[in-house]
Amino acid sequence: HEGCTKSAEGSTDYCVAHGGGKRCLHEGCTKSAQGSTDYCKAHGGGKRCLHEGCTKSAEGSTDYCVAHGGGKRCEHEGCTKSARGSTNYCHAHREGKHTSKRPAEAAIGDKGEEVASMRQCKRGRQGAGL
């Protein structure tokens, strides 16, 4: 592909992002096939969760999906939830990664998390219980 600096995959002249490499065999799908399978993750390809009866994709280098303990976990002491995005913490322990654009007084929610004061905040929080 013009201007692309990534390596071509397989017997194609393109990188994976531009259509190179092995593609999913599911009708109408244009995603890359995962691992040694013939399908993308959405259509059953790649490594699957080893939890009995689960058909989801295994996360990262683990053998389980996020729901069954796979993937990166929150580093907050005692927390077993999955880490979100590029942080090492779950949503509740994200350690200030997501901050409001305007200052607000802090209050402690019923689960111990810091939440914006309802007096300062014009936008309500769904499920906050305030």
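**Entry 1: the chain**

I noted at the outset that this is a predicted model. I then looked up the secondary structure and found 0 helices and 2 strands in the protein chain. Next I checked burial. Of the 130 residues in the chain, 19% are buried. Last, I checked contact range. Among contacts between residues at least 6 apart in sequence, 0% join residues at least 24 apart.

**Entry 2: Cys-79**

I located Cys-79 in the segment before strand E1, which spans 106-108. Is Cys-79 buried or exposed? Its relative accessibility is 16%, and the cut-off for buried is under 20%, so I logged Cys-79 as buried. I then listed its contacts, leaving aside neighbours within four places in sequence. Cys-79 touches Cys-74, Cys-90 and His-93. The C-alpha atoms of Cys-79 and His-93 are 8.8 Å apart, and the two residues are separated by 14 residues along the chain.

**Entry 3: Ser-57**

I found Ser-57 in the segment before E1 as well. Ser-57 counts as buried because its relative accessibility is 16%. Which residues does Ser-57 contact, leaving aside its neighbours within four places in sequence? I recorded Lys-41, Lys-47, Arg-48, Cys-49 and Cys-65. I looked again at Arg-48. Its side chain makes a polar contact with the side chain of Ser-57, at 3.1 Å.

Definitions and conventions:
Residues numbered from 1 in each chain as written. Predicted model: local features only at pLDDT ≥ 70, side-chain atom pairs only at ≥ 80, totals over all residues. Heavy atoms only, no water. Helix = DSSP H or I, 4+ residues; strand = E, 2+ residues; numbered from the N terminus. Buried < 20%, exposed > 50% of the residue type's maximum accessible area, 1.4 Å probe, protein only. Contact = heavy atoms within 4.5 Å. Polar contact = N/O pair within 3.5 Å; in protein donor to acceptor, adjacent residues only side chain to side chain.
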